[in-house]
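Open the model in your viewer and keep the sequence panel beside it. The stops below say what to select and what is there.

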Amino acid sequence: MNLKSRRVWFIGIAIVTLLLFLIVTAPVSDKRRSGSTFSRSPDGYGGWYAYMQQQGTPVQRWQKPLSDFLQQRGNAQRSVTLLRISSDPFNSISTVNADQEDWVGKGNTLVMLGVGAPVTEAEFQTAHATPEGAVTIATTRRHVSQDQELLSDSFGAIVWQQEIKKGRVILATTPYLAANAYQDVSGNYPFLAKLVAQEDNQVWVDEYLHGYKDSETLAQ
C-alpha cells in the first residue's frame, strides 16, 4: 500500500469513527422526548416528575433496556411499579408480552400509557370527574372489554386494569395523561400519582424508551 492509499484509508476510518461518535452522543430527537420526565415541552412529563418529588413519592429513572429491568427488579423484596409512556400516539406501545407478564405476576405493577385502541365517536377533548379532581383527556380512543375500568365514559375505557396473578397491568389509551400541558388541571397529576403509587410500591419510569441511556449502557 503506497502513501497516498494509506492516507485515504486513514481518512476513511476517521470519518466513520466521527459518524459513529455523533450517532452515539447525539441528543435525543424531539419526537422521542415526548412523554419523557426530562422534557419540559407540553407533551413531556417533567412537571409530573417534579410533582411526585414534592409529594414525597420520588420516581427513579431507568436508562437501560427493559429486559435488564425485568431481570434485575424481578425478585425485589419490595413491589415495584414501572411506568412506560409512549412517545408516539400513532405508534402505540405494544401489548404485554410473556416476560412482562411473568414480572407482573410476581406482585409488581406495569403502567403503560398510549396503548392502541379503536377510534370512537367520543369528543377529542373530554373532562372526567374523579376523587382526585377533574381529569382532562385528549383522545377519541376507547377500550371495550371485561377488564376493570378505572377511567371511562359511555364510549368505553380510557384507563383500565388487568390482574395477573399477584400483580397488575394498568393501561391507558392516551400517552398524555399527566403531560406538562395539564399541569394546571386539578386531577391529571394526582390521578396518575395514585395509579403508580398504590401499595407503597417503589416507582420507576422507563427513560430508555425515550432514548436516554446511562453511562454504563453507553459504554456497552
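Which loop holds Q198? Select Q198: the residue sits in the loop between α6 and β9. The model is a predicted one. Q198 is partly exposed, because its relative accessible area is 27%, a value between the 20% and 50% limits. Q198 and T109 are 89 residues apart in sequence, yet their C-alpha atoms lie 9.2 Å apart in space.

**Into helix α6**

Move to L195, which belongs to helix α6. Is L195 buried or exposed? L195 is buried, because its relative accessible area is 4% and the limit for buried is under 20%. Keep T109 on display: L195 and T109 are 86 residues apart in sequence and 9.5 Å apart from C-alpha to C-alpha. Next, show what surrounds L195. Leaving out neighbours within four places in sequence, L195 is in contact with L150, V159, R168, I170 and L177.

**The crossing of α3 and α6**

Show α3 together with α6. Their axes come within 10 Å and cross at roughly 65°, and the crossing is right-handed. To see the contact, select G47, W48, Y51 and M52 in α3, then Y189, P190, L192, A193 and V196 in α6. Sorted by class, this contact has eight nonpolar residues, one polar residue and no charged ones.

**The cores**

Now select Y45, W48, L83, L113, V159, L177 and L192. These residues have the most contacts inside the largest nonpolar core, which has 30 residues. Elements that give two or more residues to this core include α3 (46–54), β2 (80–85), β3 (109–113) and β7 (156–164). Helix α6 provides the largest share, six residues.

Centre the view on L83. Not counting residues up to four places away in sequence, L83 touches W48, V111, L113, L192, W204, V205 and D206. Apart from this core lies another, of 19 residues; W62, L66, L70 and L110 are among them.

Select residues 98–105, which form helix α5. Which residues of α5 are buried? Q100, W103, V104 and G105 are.

Then look at the start of α5, where a side-chain oxygen of N97 comes to within 3.2 Å of the backbone nitrogen of D99. Just after α5, select G107, which takes a positive phi of about 115°.

**An exposed loop residue**

Go to K165, in the loop between β7 and β8. What is the phi of K165? The angle is near 55°, a positive value in a residue other than glycine. Most residues other than glycine have a negative phi. K165 counts as exposed because its relative accessibility is 77%, and the limit for exposed is over 50%.

**The whole chain**

Zoom out and colour by secondary structure. The protein chain has seven helices and nine strands. Of its 220 residues, 45% are buried. Among contacts between residues at least 6 apart in sequence, 62% join residues at least 24 apart.

How values were computed: Residues numbered from 1 in each chain as written. Predicted model: local features only at pLDDT ≥ 70, side-chain atom pairs only at ≥ 80, totals over all residues. Heavy atoms only, no water. Core = buried A, V, L, I, M, F, W, Y, C linked by side-chain atoms within 4.5 Å. Buried < 20%, exposed > 50% of the residue type's maximum accessible area, 1.4 Å probe, protein only. Helix = DSSP H or I, 4+ residues; strand = E, 2+ residues; numbered from the N terminus. Contact = heavy atoms within 4.5 Å. Axes fitted to C-alpha atoms, helices over the stretch in contact; angles between N-to-C directions. Left-handed = near helix turned anticlockwise from the far one by under 90°. Nonpolar A, V, L, I, M, F, W, Y, C, P; charged D, E, K, R; others polar. Polar contact = N/O pair within 3.5 Å; in protein donor to acceptor, adjacent residues only side chain to side chain.
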